[in-house]
Amino acid sequence: MGSTSFSPSISLSPSLSPHSSKFPNPSPNLFLRSHSSFTPLTLRSNQTRYRFKKLPSSNAPNFLVAASAKAEPLKVIISGAPASGKGTQCELITQKYGLVHIAAGDLLRAEVAAASENGKLAKEYMEKGELVPDEIVVMMVKERLLQPDSQQRGWLLDGYPRSSSQAAALEDYGIRPDVFILLDVSEDILVERVVGRRLDPLTGKIYHLKYSPPENDEIASRLTQRFDDTEEKVKLRLRTHHQNVDAVLSVYKDITVKVNGNEAKEHVFAQIDAALTHVGEQRKVNSGSVAA
């Protein structure tokens with residue numbers, strides 16, 4: 001059994017036989033037996049793992065006691081270049097897995113709007129037109145990841161960390177994902193996706209001249225293009241993105257899964273889904289090994 005300890009959920013007294021009417025029955029899937037010699041045994045019911053061990057008293061009958069340990073929820077980081085389809089994949093992941101979606105940019109704006117302590121500090125820098133220091137953003141992210149909903153449902157951290165120092169700061173706080181998903185899209189496709197994007201200023205809807213054209217000429221006539229959605233600007237942004245990703249990969253290289261993002265969104269999600277399913281299965285195997 002090693003050094004792993006479990007908190008007993010059932011305690012039996014010698015007067016309670018497994019065949020007694022007073023015997024507590026925690027679950028129809030559990031069976032407690034008396035043995036003269038003890039062999040470790042693990043049973044599973046849904047997502048709960050049950051571990052059996054002997055009572056510590058040398059004079060008491062060799063009753064077995066059940067202890068349970070629930071599997072921890074998934075912890076995921078996803079990274080992708082501008083126009084990689086990361087936003088769409090985040091929606092699909094949260095829909096299927098129920099993870100709490102946390103984007104550092106959205107979190108920063110929410111903290112400022114709520115006038116939290118971190119938000120007030122961040123606002124001072126933003127009003128000066130300066131970048132918010134890493135330590136403030138890392139603290140915001142850490143506190144959000146430790147909220148009850150993130151701890152209970154698991155989390156999907158979107159586009160953060162963006163540097164090795166940010167990743168190292170999360171590691172220092174004991175925050176490490178189960179998997180780091182990297183959407184790998186060729187530069188030609190990324191440039192085409194960005195340069196073809198258009199905004200309808202009336203509705204706020206995003207179109208693409210090739211992949212999602214406007215419904216009629218009236219809408220087409222009022223579409224606008226972001227000032228930085230040009231080939232020259234997007235290539236500069238991609239260069240910065242690749243430098244940041246390379247730095248972060250040095251921290252997460254052993255848990256990185258590269259996904260071919262050149263394909264249709266359904267095929268991209270199928271790859272991500274397979275990766276997350278594999279992570280979940282591996283954790284079950286590892287949990288079983290620890291229990292044994």
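**Helix packing, cores and loops in a predicted model**

Colleague: At what angle do helix H4 and helix H6 pack, and are they oblique or perpendicular to each other?

Modeller: This is a predicted model. In it, helix H4 (residues 134-145) and helix H6 (residues 164-172) pack with their axes 10 Å apart. The angle between them is about 45 degrees. H4 and H6 are therefore oblique to each other.

Colleague: Is the crossing of H4 and H6 left-handed or right-handed, and which residues make the contact?

Modeller: H4 passes H6 in a right-handed crossing. On the H4 side the contact is made by Asp-134, Val-138 and Val-141. On the H6 side the residues are Ser-165, Gln-166, Ala-169 and Leu-170.

Colleague: How many nonpolar residues does the contact of H4 with H6 have?

Modeller: Sorted by class, the contact has two polar residues and one charged residue. The nonpolar residues in this contact of H4 with H6 number four.

Colleague: Which residues of the largest nonpolar core touch the most other members?

Modeller: In soluble globular proteins, nonpolar side chains tend to be buried together. The largest nonpolar core here has 28 residues. Those that touch the most other members are Val-141, Leu-157, Tyr-160, Leu-170, Phe-180 and Tyr-252.

Colleague: Which element gives the most to this core?

Modeller: The elements that give two or more residues include strand E5 (100-103), helix H2 (104-114), strand E6 (155-158), strand E7 (179-184) and helix H9 (231-252). H4 and H6 are also among them. With six residues, the element that gives the most is H4.

Colleague: Which residues is Leu-170 in contact with, leaving aside its neighbours within four places in sequence?

Modeller: Leu-170 belongs to the H6 side of the contact with H4, and Leu-170 is also one of the core residues that touch the most other members. Leaving aside neighbours within four places in sequence, its contacts are Val-138, Val-141, Leu-157, Tyr-160, Pro-161, Ile-175 and Tyr-252.

Colleague: Where is Pro-161 found, and what kind of peptide bond joins Tyr-160 and Pro-161?

Modeller: Pro-161 lies in the loop between E6 and H6. For the bond that joins Tyr-160 and Pro-161, omega is about 5 degrees. That peptide bond is cis.

Colleague: How many residues are in the second core, and which does it include?

Modeller: The second core is separate and has 16 residues. Its members include Val-179, Ile-181, Leu-276 and Val-279.

Colleague: Is Val-179 buried or exposed, and which residues does Val-179 touch?

Modeller: Val-179 is in strand E7. Its relative accessibility is 1%, under the 20% cut-off, so Val-179 counts as buried. Not counting residues up to four places away in sequence, Val-179 touches Lys-75, Val-76, Ile-77, Ile-255, Val-257, Leu-276 and Val-279.

Colleague: What distance separates the C-alpha atoms of Val-179 and Ile-78?

Modeller: Along the chain, Val-179 and Ile-78 are 101 residues apart. Their C-alpha atoms are separated by 8.5 Å.

Colleague: Are H2 and H3 perpendicular or parallel to each other, and which residues meet?

Modeller: H2 and helix H3 (residues 117-127) have axes 7 Å apart and pack at an angle of about 105 degrees. H2 and H3 are therefore roughly perpendicular to each other. Here Leu-108, Glu-111 and Val-112 in H2 meet Asn-118, Gly-119, Ala-122, Lys-123 and Met-126 in H3.

Colleague: What is phi of Ala-115, and does Ala-115 count as buried or partly exposed?

Modeller: Ala-115 sits in the loop between H2 and H3. Its phi is near 55 degrees, a positive value in a residue other than glycine. At 43% relative accessibility, Ala-115 counts as partly exposed.

Colleague: What is phi of Ala-83, and is Ala-83 buried or exposed?

Modeller: Ala-83 is in the loop between strand E4 (75-80) and helix H1 (86-97). Although Ala-83 is not a glycine, its phi is positive, about 70 degrees. With 19% relative accessibility, Ala-83 counts as buried.

Colleague: Which residues is His-241 in contact with, leaving aside its neighbours within four places in sequence?

Modeller: His-241 has its place in helix H9. At 13% relative accessibility, His-241 counts as buried. Leaving aside neighbours within four places in sequence, the contacts of His-241 are Ser-79, Gly-80 and Ala-81.

Definitions and conventions: Residues numbered from 1 in each chain as written. Predicted model: local features only at pLDDT ≥ 70, side-chain atom pairs only at ≥ 80, totals over all residues. Heavy atoms only, no water. Axes fitted to C-alpha atoms, helices over the stretch in contact; angles between N-to-C directions. Helix = DSSP H or I, 4+ residues; strand = E, 2+ residues; numbered from the N terminus. Parallel < 35°, antiparallel > 145°, perpendicular 65-115°, else oblique. Left-handed = near helix turned anticlockwise from the far one by under 90°. Contact = heavy atoms within 4.5 Å. Nonpolar A, V, L, I, M, F, W, Y, C, P; charged D, E, K, R; others polar. Core = buried A, V, L, I, M, F, W, Y, C linked by side-chain atoms within 4.5 Å. Buried < 20%, exposed > 50% of the residue type's maximum accessible area, 1.4 Å probe, protein only.
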